Amino acid sequence: MRFSPSAEQSAGTPFRRGDADAGGGVDISDAVFLLRHLFLGGDAPGCLKAGDADDNGRLNISDPVVILLHLFSGHGPLPEPFQVCGIGR
């Protein structure tokens, strides 16, 4: 699903790329959160840009896959912002 920033996000909501569940870091729970959203009708990330782990402007199956590759296969860092919270554009 392609998205455009909400008024809140475009106003500069801090977020961490890959932290879909807003738990303060990127871990397996973020991938599970996204899978629940995409396939079971679970809650959407509060900040869609945080859930967009591959920074392609869409929430889809590639986002939890990228998070899992990052966590378990050493697949490079996620797109900025990652190490610290950044401001949505």
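Reader: What share of the contacts in the protein chain with a separation of 6 or more comes from residues 24 or more positions apart?

Author: In this predicted model, residues 24 or more positions apart account for 61% of the contacts in the protein chain that have a separation of 6 or more. The chain has 89 residues, of which 37% are buried, and its 4 helices and 2 strands follow one another from the N terminus as α-β-α-α-α-β.

Reader: Why is α2 called roughly antiparallel to α4?

Author: The axes of helix α2 (residues 28-40) and helix α4 (residues 62-72) cross at roughly 165° and come within 9 Å. Angles over 145 degrees count as roughly antiparallel, and the crossing angle of roughly 165° therefore places α2 and α4 in that class. The crossing of these two helices is left-handed.

Reader: Which residues of α2 and α4 meet, and what is the make-up of that contact by class?

Author: From α2 come I28, D30, A31, L34, L35 and L38, and they meet D63, P64, I67, L68, L71 and F72 of α4. Sorted by class, this contact of α2 with α4 has 10 nonpolar residues, 2 charged ones and no polar ones.

Reader: What makes the pair R17 and D55 a salt bridge?

Author: The side chains of R17 and D55 meet at 3.4 Å, N to O, and a side-chain nitrogen of Arg within 4 Å of a carboxyl oxygen of Asp is what the term requires, so the pair qualifies. This pair links distant parts of the chain, since R17 is in the loop between β1 (14-15) and α2 while D55 is in the loop between α3 (48-51) and α4, 38 residues apart. In general, side chains of opposite charge can pair when their charged atoms come close.

Reader: How many salt bridges does the structure hold, and which residues do they join into one network?

Author: The structure holds 2 salt bridges, and besides the pair of R17 and D55 there is one in which the side chains of D55 and K49 meet at 3.2 Å, N to O. Salt bridges that share partners join R17, K49 and D55 into one network.

Reader: Why is A22 called exposed, and what is the value of its phi?

Author: Exposed means over 50% relative accessible area, and A22 at 65% therefore counts as exposed. A22 is found in the loop between β1 and α2, and its phi is near 55°, a positive value in a residue other than glycine. D55, too, has a phi near 55°, again a positive value in a residue other than glycine.

Reader: Which residues does a cis peptide bond join?

Author: A cis peptide bond joins E80 and P81, with omega about -10°, and P81 is found in the loop between α4 and β2 (86-87).

Terms used:
Residues numbered from 1 in each chain as written. Predicted model: local features only at pLDDT ≥ 70, side-chain atom pairs only at ≥ 80, totals over all residues. Heavy atoms only, no water. Axes fitted to C-alpha atoms, helices over the stretch in contact; angles between N-to-C directions. Parallel < 35°, antiparallel > 145°, perpendicular 65-115°, else oblique. Left-handed = near helix turned anticlockwise from the far one by under 90°. Contact = heavy atoms within 4.5 Å. Nonpolar A, V, L, I, M, F, W, Y, C, P; charged D, E, K, R; others polar. Buried < 20%, exposed > 50% of the residue type's maximum accessible area, 1.4 Å probe, protein only.
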